[in-house]
Amino acid sequence: PPTQVQTLEDDLGGDTLDDTSPKDPSNATNSLACDLSPSHPSLIENHADLQTQHEHLHLAEAPRETTSPLDATQQHAAQHSARTNSTQVQPPNTSSEREEQHRDASVRASSETSQGDTNLPQDDMSYPSSSFHNGLCTNELLSIVPCWDLDDITGEGSTCPIPSNYPSGLKRGVASKVIQRAQETFMMSMTNNNQHLLRRSIHLLDHIIPLLHRDTLLAASLELQATCRYMLFQETLNISLLDQSIDAFQTVFGLQAQSTDNGNTLVLCGQAFADRHAIKGELEDLDRAIELLRKALEPPVGTTPRPPSVVVQLGNLLLERYEERWDDIDLNDGINLLGEALSLLTVDEPNHLIALNNLGYALITRYKKSGTPSDVEKAIALHREALSLLSDDHPDRPSSLNSLGTALVTRCERSGRISDVEEAIVHHQEALSLQSDTDPDRPSSLSNLGTALIIRYERLGGISDVEEAIVYHREAVSLLPGDHPSRLLSLNNLANALVTRYERLGGIADVEEAIVNYREPH
């Protein structure tokens, strides 16, 4: 019989998961050792190691009384005898009593099969004699947890899988197993594009996270939960999932030492903020997205080149913020990043085409402000390269044609080179021919073609160009509803074309209509 009772607080260092430095179990009569520090929080692995070997854990320290070892042994034997000889069990009145009854039943079953001392105190618990190395044995682990199986957690209303009064090491072992299952389910959902598996992974994590308190497992679990919710948002476009994902990511970053703060997490959270900005239009989300992506692109010394897909995304967001705040720093930074991305991307990568078009647009924007000839020359070259990569039936060809045409018109306005506007008209006409009447980009193509025709009229004086331009601008206005953000620009283009014809032909009706278009409320 033991001469000294070791409490669970002494064996495990506390009954909560936030205690990650238990005392050395070698100094205790009975111990349970558990090492669950994952090598990488994003890839949850089971490192739980339960070594019981018929050892008995004392769950509640008995009141300390001045008794001899013999008296204590006799008291434990009397308690054990009363427990095992009882033939009637009163139904528990509370859930805690039901849990205690179940534990007592487990103790009796373990005591009957174990070898060694059978004079256990009432609060002692004997677990199956097993050692778990490099992963938990599912059947033995789940036999420890009463009335619960991982496969049973499939829908709303499932109960918490781990009773709050379970030993610290055992709770960590079960938690690690649940997180591993959630990780596996998430990977399967990505492989099979299966929303059901994705929801199942989220549900597993929803059950286990409330039991973790600033623990290494907590950061990993929250990171996986946030990732799952963000991926499900991309499938369903449910804004609440996006908000929950962002909140979980923010919590991970707030865990400081426990936070992984790795590049992938920063990128995913940055993308989530960018998506929410696109939906809600809040500049704070755009600022946060840029901040996170910048941080993700800060590599340690001696690492490989920065991931080009993230470089492209950050460059695009900076150009988007430039259009909101007109800060030249954002414009120049965006141009530099997209130029860097092009040096890293191969021609067959999708981001290569995006970088070509967006860098060309940014250079044209800077050329209109600074007038630097090299910007417009490089922009035209980039748009020509982008167009050469698109087949005649590629869905992005009309957009690429319009971008090249606009760049040529811009150079013509400064240089007066008539060949530029002639080529631009051809590109705009081709873009229009590839678009249906219901294409959302058709009004833009109509306006671009009308503007190019007016510029050629100003150079060559052909009245037919003005007539055609008015027709195209009228159609563009007719396709845009009253609340469309581009309607004001289309009305101005039409009014300007009417004034141009009035100045040439003197028709009073043209100037009357132009005045109506200028005055239209908006």
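Which helix holds Glu430? In this predicted model, the residue belongs to helix α16, which covers residues 418–433.

## Glu430 and its surroundings

Glu430 has a relative accessible area of 26% and is therefore partly exposed, since this class lies between the 20% limit for buried residues and the 50% limit for exposed ones. When neighbours within four places in sequence are left aside, the residues in contact with Glu430 are Arg397 and Leu401.

With Arg397, the side chain of Glu430 forms a polar contact of 3.0 Å.

## Positive phi at Leu237

Most residues other than glycine have a negative phi. Leu237, which is not a glycine, has a positive phi, near 60 degrees. Its position is in the loop that connects α7 (216–236) with α8 (239–254).

The relative accessibility of Leu237 is 64%, so the residue counts as exposed, the cut-off being over 50%.

## Positive phi at Trp326

A positive phi is also found at Trp326, with a value of about 55 degrees, although this residue is not a glycine. Trp326 is located in the loop between α11 (308–325) and α12 (328–344).

Is Trp326 buried or exposed? Its relative accessibility is 56%, and Trp326 therefore counts as exposed.

Note on methods: Residues are numbered from 1 along each chain as its sequence is written. This is a predicted model: local features need pLDDT of at least 70, side-chain atom pairs count only at pLDDT 80 or more; totals for chains, interfaces and linings use all residues. Side-chain values use heavy atoms; hydrogens and water are left out. Helices (H or I, at least four residues) and strands (E, at least two) are DSSP runs, numbered from the N terminus. Buried means under 20% relative accessible area, exposed over 50%, partly exposed in between (1.4 Å probe, protein chains only). Contact means heavy atoms within 4.5 Å. A polar contact is a pair of N or O atoms within 3.5 Å; within protein, one must be able to donate a hydrogen and the other to accept it, and residues adjacent in sequence count only if both atoms are side-chain atoms.
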